[in-house]
Every structure is written in structure tokens, then in C-alpha cells.
Amino acid sequence: MIKKFEDLIQEEDTKLADYAVRHGDHGGRIFEEGNHEYRLPFQRDKDRIIHCQAFRRLEYKTQVFIASIGDNYRNRLTHTLEVSAITRTVALSLGLNTYLAETIALAHDLGHAPFGHAGQDVLQELMLGKGGFEHNKQSLRIVQYLENRYASFPGLNLCRETLMGIMKHGGDYQDSNQLESRQIIGPSLESMITDVCDGIAYNNHDVEDGYESNLLGLKDLKKIQIFDQNYHLVQKKYPQASEKLLVRETIRSMLNAMVTDLVHEIDSRLVENRIVSRESLGEANQKSIRLVGFSESMQESVTELKKYLHEKLYKHPVVLELSNFGKEIIQVLFHYFSDREDELPASYLNRIEQDGKYRVICDYIAGMTDRYAEEIALDKDLIDPFHDI
Ligand code: MG
């Protein structure tokens with residue numbers, strides 16, 4: 001027996017808590033489409049993200065390390081998959097809509113420029129006074145406008161509730177009033193948890209990548225309270241294990257501690273604030289009550305870890321050198337195409353009249369993978385072919 005759309009909606013909704021986004025409450029799509037015979041609206045959104053071009057390009061976009069220095073480090077795709085897995089766990093444990101939460105997680109970095117945060121920073125500078133650049137807005141632009149794979153609409157035509165989640169907080173998204181009216185309810189819990197799970201993912205995997213690449217040493221890592229505590233726990237449990245294995249187990253243990261703290265803290269805040277429906281969630285949002293976050297002590301630990309990573313890893317000379325190289329590539333490409341827009345690929349050139357030259361150049365560069373950006377810069381003779389990175 002094939003389960004029909006109505007059966008699936010009913011079945012899925014029985015699993016959801018009262019404050020979750022129901023499957024029927026997807027808000028519709030900007031371009032009207034009928035329901036699928038046997039797939040739920042958010043399930044379709046998730047599939048559309050996985051099938052889109054921007055999603056595939058994440059594989060060759062930097063998280064912290066440039067892919068060329070090793071195959072063992074996270075890239076933006078594996079980071080995204082980790083965020084999605086953690087988000088699903090948190091959503092499931094709280095009775096939230098896992099399809100929606102996972103969809104938002106899978107889409108959350110689609111708009112990221114090549115070369116990690118360095119890329120975003122430099123693109124922001126270059127677009128100052130020209131409409132700006134911000135990766136969350138760019139993600140929205142991709143799913144609403146830039147993706148070109150469906151004959152009857154631009155973008156992916158996702159549900160309004162999904163767009164709300166990708167949009168995060170406000171922003172000048174190009175859209176209908178209906179989306180704005182949904183903003184009054186404020187962000188769903190599904191979208192709020194994704195934000196925190198993003199942090200849980202990178203704070204832990206960056207420790208691992210930092211250690212495995214020898215940029216962070218054990219002695220130094222042990223100065224961070226949460227690392228040290230968990231290291232002692234696993235060392236006691238596995239006294240024979242190698243240092244490398246102990247570090248990996250420590251990261252596993254820290255991740256579990258953060259997720260566990262988060263679900264318990266959210267649960268108690270929901271009870272404390274009597275959040276029993278989407279309406280009461282909307283009221284709490286209006287009053288700016290923070291429902292999603294760590295306990296006070298875990299927040300302190302996470303802040304300490306974050307600060308450590310900023311100082312010791314993201315500002316490590318090796319990382320900075322790679323970041324600066326990426327920045328340089330973006331700068332030279334931006335200036336090159338600003339002077340010679342006729343050299344843009346036809347699909348971009350065609351949009352200049354409608355979107356303006358700089359926005360189109362920004363879309364083109366933001367959509368590039370690290371290696372493609374480097375390839376174009378080399379091809380146009382804009383960077384030294386003998387650079388040693
Ligand atoms: Mg992220």
C-alpha cells in the first residue's frame with residue numbers, strides 16, 4: 001500500500017509537539033504548485049536543496065582550511081552535513097519538525113563565498129555602497145532566484161516557512177507580502193535550533209581539524225576548560241588509548257555534552273515560558289524571549305572554546321596565509337570583471353540590465369568554488385602561477 005499525502009501528513013503530525021511547525025502549516029509556495037502524491041512539503045524542499053547546484057559546489061568551498069592542503073579536513077559540504085545531523089537529533093528529541101529543521105540546516109551555507117569567512121569579508125568590503133553582501137541573504141537569493149533548474153519557476157520555489165528559516169532575522173529579501181506576514185510569528189524553533197547546531201558543529205570539528213593538521217597541540221588544547229574536563233573523562237575510561245584517539249573521543253564527548261545541554265535547556269525554557277503552541281511561541285518571539293540556547297555554564301564553556309579557536313586557529317599564520325591568498329583572488333576577480341563585464345559567462349551577462357553590474361559580479365564570484373576562483377584568476381593571468389600555496 002502506498003501511503004498517500006494525506007496519510008503521511010496525519011502520521012507525521014502525530015509525532016510533533018504542539019509548538020512544532022505542522023506539515024500543513026508550510027505557508028504555501030510563491031509559485032502555486034499542487035501537493036505531491038506521496039511526499040510532504042518540507043520533504044520536497046529538502047530534496048530540492050540536495051539536488052541544487054549550489055549544494056554540490058559546497059564540496060569545493062573552504063570551511064577553515066583550503067581543500068588543497070589535505071583531504072581529511074572539513075569543507076563546507078561536510079560541515080553542512082554535520083550541522084544537518086546535529087539539527088535532526090535536536091529536533092527529533094524535542095518533537096520538532098525534523099524535515100523542516102534539516103532543510104534549513106542543509107541550506108544554511110549555500111550563499112557562502114569561496115575561501116571561508118575571508119571570502120565573505122572581502123566580498124562585503126567590495127560590495128560596500130553597492131548593495132552589500134551577506135551570506136544568509138545570498139542563500140535566500142540562490143533558492144529564490146539564482147538556481148535555474150525548473151521550467152515553471154525561478155529558484156527552487158520552497159515553502160514560505162522554509163524561506164523564513166533560511167532568512168534568519170529580517171533582511172531585505174525580494175518577496176511577497178505573504179512572507180512578511182509570516183515574519184510576525186517570528187522564527188520557528190526549527191530555524192532557531194539550526195543556528196546553535198551550526199556553532200556546535202564548527203566549534204567541535206574545528207578543534208579536530210586544528211589538531212589533526214598540527215596547528216593546535218594537545219598541551220594547548222588542554223588549557224580550554226571543556227576540552228580538559230572531557231579529555232580527563234575519556235582518559236579515565238580508555239587509559240590504553242593513543243593520544244590521537246583520546247582527542248577524537250574528547251571531541252565526541254564535548255559534542256554530546258553540548259547537544260545534551262542544549263535539548264535540556266530548551267525543554268526547560270519551553271516549560272518555564274509555557275510554550276504550548278505556535279501562537280505562544282509567536283508571543284514569546286514578540287517579547288524577545290530567548291528560548292533556544294545553552295545553560296549558563298555551558299554557554300561560558302562554549303564562549304571560551306570559541307575565543308580560543310579565534311585566537312589560535314583562525315588567526316594561525318598558516319590559516320591567515322591561506323585566507324589572504326583567497327582574499328586576493330576575490331579582489332582581483334572583482335576588479336577584473338568590473339572593468340570587463342563582457343567577459344562574464346552569458347547567463348550572468350544577461351542579468352546585468354535587470355540586476356546591475358556589481359550585483360551580477362558578486363553573484364558570480366560568491367557562487368564560485370575555491371578551485372574555480374583560483375582557476376579563473378590563473379587563466380586571466382591575475383595571480384602568480386608559482387605561488388607556493
Ligand atoms: Mg555553517
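In this predicted model, the buried residues of helix α2 are Pro41, Phe42, Gln43, Arg44, Asp45, Lys46, Arg48 and Ile49. Helix α2 spans residues 41-51, and eight of its 11 residues are buried, so the helix is largely enclosed by the rest of the structure. Several elements supply the cover. Among those lying over the buried residues of α2 are α1 (5-14), α3 (53-57), α5, α7 (135-146) and α8 (160-167).

The magnesium ion has four protein donor residues in the model: His79 (NE2), His108 (NE2), Asp109 (OD) and Asp198 (OD). These donors lie 2.1 to 2.6 Å from the ion. Their spacing along the sequence is H-x28-H-D-x88-D. His108 sits in the loop between α5 and α6, whereas Asp198 belongs to helix α10, so this pair ties together parts that are 90 residues apart in sequence. Both residues are buried. His108 has a relative accessible area of 9%. For Asp198 the value is 12%.

The loop between α5 (98-107) and α6 (116-126) also holds Phe115. Phi of Phe115 is near 65 degrees, a positive value in a residue that is not glycine. Phe115 is buried, with a relative accessible area of 4%. A second residue with positive phi is Asn214, again near 65 degrees and again not a glycine. Asn214 lies in the loop between α10 (189-212) and α11 (218-221).

Helix α4 contains Ser84. Ser84 counts as buried, at 5% relative accessibility. Beyond its neighbours within four places in sequence, Ser84 is in contact with Glu102, Ala105 and Leu106.

The largest nonpolar core has 57 residues. Within this core, Val90, Leu189, Phe227 and Leu262 touch the most other members. Two or more residues come from each of α4 (76-93), α5, α10, α11, α12, α13 (243-272), α14 (278-286) and α15 (296-314). Helix α13 gives the largest share, 10 residues. The contacts of Leu189 were then listed, leaving aside its neighbours within four places in sequence. Leu189 is in contact with Tyr19, Leu96, Leu270, Leu281, Leu291 and Val292. A second, separate core of 28 residues includes Tyr336, Phe337, Tyr348 and Tyr364.

Aromatic pairs were searched for across the whole structure, and eight were found. One of them joins Phe227 and Tyr231 in a stacked arrangement, with 6.0 Å centre to centre and 20 degrees between the planes. Both residues belong to helix α12 (residues 225-237). They are four residues apart, which means that about one helical turn separates them. In an α-helix, residues three or four places apart point the same way, because there are 3.6 residues a turn. Phe227 has a relative accessible area of 0%. Tyr231 has a relative accessible area of 3%.

Phe337 and Tyr364 form an edge-to-face pair, 5.4 Å centre to centre and with 80 degrees between the planes. This pair links distant parts of the chain, 27 residues apart. Phe337 lies in helix α16 (residues 317-339) and Tyr364 in helix α19 (residues 357-366). Phe337 is buried, with a relative accessible area of 1%. Tyr364 also counts as buried, at 6% relative accessibility. Ring pairs extend the grouping: Tyr336, Phe337, Tyr348, Tyr364 and Tyr372 are linked into a cluster.

Lys130 is placed over the face of Tyr358, at 5.0 Å from the ring centre. The charged end of Arg371 sits over the ring of Tyr60, 3.7 Å from its centre.

Technical notes:
Residues numbered from 1 in each chain as written. Predicted model: local features only at pLDDT ≥ 70, side-chain atom pairs only at ≥ 80, totals over all residues. Heavy atoms only, no water. Phe/Tyr/Trp six-rings, centres within 6.5 Å; stacked < 30°, edge-to-face > 60°. Buried < 20%, exposed > 50% of the residue type's maximum accessible area, 1.4 Å probe, protein only. Lys NZ or Arg CZ within 6 Å of the ring centre and 35° of its normal. Donors = N, O, S within 2.8 Å, 3.2 Å for Na, K, Ca; no water. Contact = heavy atoms within 4.5 Å. Core = buried A, V, L, I, M, F, W, Y, C linked by side-chain atoms within 4.5 Å.
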